[in-house]
Amino acid sequence: MYLQEFYNRCKVDKSLAEKTGFNPYYNLIQSGLNDPLIIEGREFISLASNNYLGLAADERVRNACIKAIEKYGASLCGTPIATGYTDLYKTLEDKLSSFLGLEDTIILPSCYQANNGLFSAIAGKEDLIVADHFVHSSLLEGIKAAGCKIRPFLHNNIEHLEQVMQNSSKYRQVFIVTESVFSTEGSIAPFKEIVEIARRYNAVSVVDDSHGVGVIGSSGRGVLEECHISGFDGIYTASLGKALANSGGIISGKKEIIDYLRYYCSHLVYSTAIVPSVLAGVLEVLAIIEQDFEKISNRMWNYKELISSALLSSGFEVIGGKAPITSIACGDAESTLALAKAFYDSSIITTPFIEPSVPRNQGRVRLIAGANLKEESVEKAAKIIKSLKANK
Amino acid sequence: MDFEKRIIKTIGKNLENACEVTMESSLVEDLGVDSFSKIIIIAAIEDEFGIEIDEAELGDINKVSDIICKLRLKYPEIVGD
């Protein structure tokens, strides 16, 4: 009897999907990130993935992954601290550090784990973590796990952050946590000002650059390059599964702290090391970025402009961010899924966000046009957008 | 300024979107408060009155008036400030 009650409690509420006739989650994809994308036998234009530079299915990246498998096999079947730390792993750590302009780097199976594991390794109950109101779930859950005092500040609001910091002197250590690019609508944090405040209060700044690395900065090196920050003395995390087109996550920063995390971050120490094909894939993506960033990113920005213009001219309420993310403000959850369904029915995949990913009644449909898309596909998507609005 | 007005002003200054705050405002429906912004509001009240609030004490609040009632009961010393 009790067991049945447990299973009853764990049932998924599908009422919204039933009401809108659309479930946007766990689409069964039958291709790589090609153009078109194949879902359940149908061709789609993907405006949903985080494949900003379009390198996930690039032939050079595929070949690098295959070569790594030929040399190392599928996996090292061990944690990095035990048997998983290959020369390829070390090469990528060093390459990422030099690419970002930071002293050292560790690589974890995901950025969720990087953000989740970071704070319990470096903060305790005597400390204070000051975080942007809209930080990602991975940061929020990681911060909560540390068991310290938490004080959020209003989103990207430097004045409010300063007020919070003025009441922070009684703590052993204060951390200021934010993201570079906020993924639901593409707003960019005033990170240079945040670093200045952190330095003034001897706080440690922590930034998640998952949607910035490979995207912003004059040569794609992310938020530190974008904000002209040199000698960064905080902690940097990022995903390897967005513009860097593979999987995994990193924590980078000063050598002392990264070395400490190598031994005390349980999410690294007790997780099977990221597999060789992924390590080689990221190395190849970094080489492509160093060689071709301007050309590839120009295509990405042009596509963003095409999609944004189509939305604006069709009367959609577009949230204007400075990142290559275009979001449509949709209101409540039902309206958000209804719009995502309209795109889906027109063979365009988008990403809908409803609470708790965004505040209540502030639903978003996000569009990202990766540089891998053909120009005619983006033009076709723009035409579909115009027809969607006309049919409303 | 009386106690209620100070609370209302403090809440108003600590919301993402400017909106009118009254005693009867619902935190979630009217003010768009989520669990993280509730922490922002509690911390701002702590700073305003120089107290430390146990967040669990404000667990089941729905309206601005609920915050005021709870604070009156738990921290009577701040009401007359």
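The largest nonpolar core of this predicted model has 133 residues. Those with the most contacts inside it are A:Ile129, A:Val130, A:Phe175, A:Ile176, A:Val177 and A:Val285. Helix α13 (residues 276-313) of chain A supplies the largest share, 14 residues. Domain 1 (13-57 + 292-390) and domain 2 (75-274) of chain A both contribute residues, so the core lies between them.

**Inside the core**
- A:Val130 has contacts beyond four places away in sequence; among them are A:Arg151, A:Phe153, A:Leu161 and A:Val164.

**A covered strand**
- Strand β3 (residues 104-108) of chain A is mostly covered, with 4 of its 5 residues buried.
- β3(A) pairs with strand β11 (residues 249-253) of chain A in the antiparallel sense, over 5 bridges.
- In this pairing, A:Ile107 stands opposite A:Ile250 of β11(A).

**Cis peptide bonds**
- Most peptide bonds are trans.
- A:Asp35 and A:Pro36 are joined by a cis bond, with omega about 10 degrees. A:Pro36 sits in the loop between α2 (15-20) and β1 (37-39) of chain A.
- A:Glu355 and A:Pro356 are also joined by a cis bond, with omega about 10 degrees. A:Pro356 sits in the loop between β15 (351-353) and β16 (363-367) of chain A.

**Positive phi outside glycine**
- A:Asn202 has a positive phi of about 55 degrees. It lies in the loop between α9 (191-200) and β9 (204-208) of chain A. A:Asn202 is exposed, because 10 other C-beta atoms lie within 10 Å and the limit for exposed is 12 or fewer.
- A:Ser347 has a positive phi near 70 degrees. Its loop runs between α14 (333-345) and β14 (348-349) of chain A. A:Ser347 counts as partly exposed, with 16 C-beta neighbours inside 10 Å.

Terms used:
Residues numbered from 1 in each chain as written. Chains lettered and ligands numbered in written order. Predicted model: local features only at pLDDT ≥ 70, side-chain atom pairs only at ≥ 80, totals over all residues. Buried ≥ 20, exposed ≤ 12 C-beta atoms within 10 Å, placed from the backbone. Helix = DSSP H or I, 4+ residues; strand = E, 2+ residues; numbered from the N terminus. Pairing = 2+ DSSP bridges. Core = buried A, V, L, I, M, F, W, Y, C linked by C-beta atoms within 7 Å. Domains from an automatic or database assignment. Contact = placed C-beta atoms within 7 Å.
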